[in-house]
Amino acid sequence: MNSVLVVGATGNVGRQVVARLAAAGVGTRALARDPAAAGLPDGVEVVRGDLAEPASLAAAADGVDSVLLVWPFPGSENAEQVVRVLSAGARRVVYLSSTSVNDQGPQSDLIPLLHAEMEGLIRTYISEWTVLRADTLASNALGWAGQIRAGDIVRGTGVAPSAVVHEGDIAAVAVRLLTESGHAGRIYRVTGPRVVGRAEQVEAIGAALGRALRFEALPGAVVRESMTAAGLPARLIETLVSMAEFRPRSELVTTTVADLTGRPARDIREWAAEHVEDFR
């Protein structure tokens, strides 16, 4: 591959994809609403574009070989137009989806419902598509940093356990899919090495800090009220609460990280040790 466009380049996964591509000498183009504030590595071509304005992606996608598409919204408005614009400029798209997508029946909550719809669009409009389904991102725990700095209890939605995955491992797999042949028309499921719940995630962060932290699950009504008070959009609130209320425990553990990168997926304890300064 000669060039890659990363859509979602300033997010937790996209930023690492950009850094890995640039370090490997791959021509890298990064989409950002504000290129001047993107803070991406030297040598990366940062171009202005906004998924809320599909036409703004046309120049960014023109002439690239492959695209990583990370969809940041709780709904699919403008998604079809975005995918069609990308298809006009690039022949290959890797879409970052979720392992919660159910191929055999109805979706458990609003997040896999959205990703299933996005996957359908990718298959419809992209000639060489690849779906990268990732489990819960370890980096989501960064949202607890304020609570951890303030005390020893983390309060939030009681999401069912799953094989939480290091965002850097997702990025490493994504780079292989973006730059190698032989991945078109395939779905890859990326997980961490074991199933963990939020209580164990919080305990791992506490161990890295040398503190005894614990997680306290809040009722859905309380979560809705606090998110509403914080000014979150209603659709996003319902999306997050639906995940807590309806998603079942997942026992899925895959070897995809090791298979494609040559090293095993990192444990949540390794992630916590790497990110300890984010919680001080």
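Predicted model: local features only at pLDDT ≥ 70, side-chain atom pairs only at ≥ 80, totals over all residues.
Residues are numbered from 1 along each chain as its sequence is written, and side-chain values use heavy atoms, with hydrogens and water left out. Local features need pLDDT of at least 70 and side-chain atom pairs count only at pLDDT 80 or more, whereas totals for chains, interfaces and linings use all residues.

An open sheet of seven strands was found, with parallel pairing and the strand order 3-2-1-4-5-6-8; strands are DSSP runs (E, at least two residues) and helices are DSSP runs (H or I, at least four residues), numbered from the N terminus, and two strands pair if DSSP finds at least two bridges between them. Because strand 3 (45-48) and strand 8 (186-190) stand at the edges with a single partner strand each, one side of each is left without a neighbour in the sheet. From one strand to the next, the twist averages 20°. Strand 5 (residues 92-98) and strand 6 (residues 128-134) run parallel and are joined by seven bridges, and R92 has E128 in strand 6 as its bridge partner.

Helix 1 (residues 12-23) lies across strand 1 (3-7), strand 2 (27-32), strand 4 (66-69) and strand 5, and runs at about 165° to strand 1; axes are lines fitted to C-alpha atoms, for helices over the stretch in contact (heavy atoms within 4.5 Å), and angles run from 0 to 180 degrees between N-to-C directions.

The structure contains 24 salt bridges, defined as a side-chain nitrogen of Lys or Arg within 4 Å of a carboxyl oxygen of Asp or Glu. In one of them, the side chains of E128 and R91 meet at 2.9 Å, N to O. This pair links distant parts of the chain, with E128 in strand 6 and R91, 37 residues apart from it, in the loop between helix 3 (79-89) and strand 5.

One cavity of 30 Å³ or more was counted, a cavity being a set of points on a 1 Å grid over the protein atoms alone where a 1.4 Å probe fits but cannot get out, with lining residues having an atom within 4 Å of a point. The largest cavity holds about 90 Å³ of space, and among its 14 lining residues T136, V159, V164, R198 and Q201 are the closest to its centre.

Technical notes
1 Å grid on protein atoms, 1.4 Å probe; cavity = no way out; pocket = protein on both sides within 12 Å on 5 of 7 lines; lining within 4 Å. Points joined across faces, edges and corners; volume = space filled by probe spheres on them.
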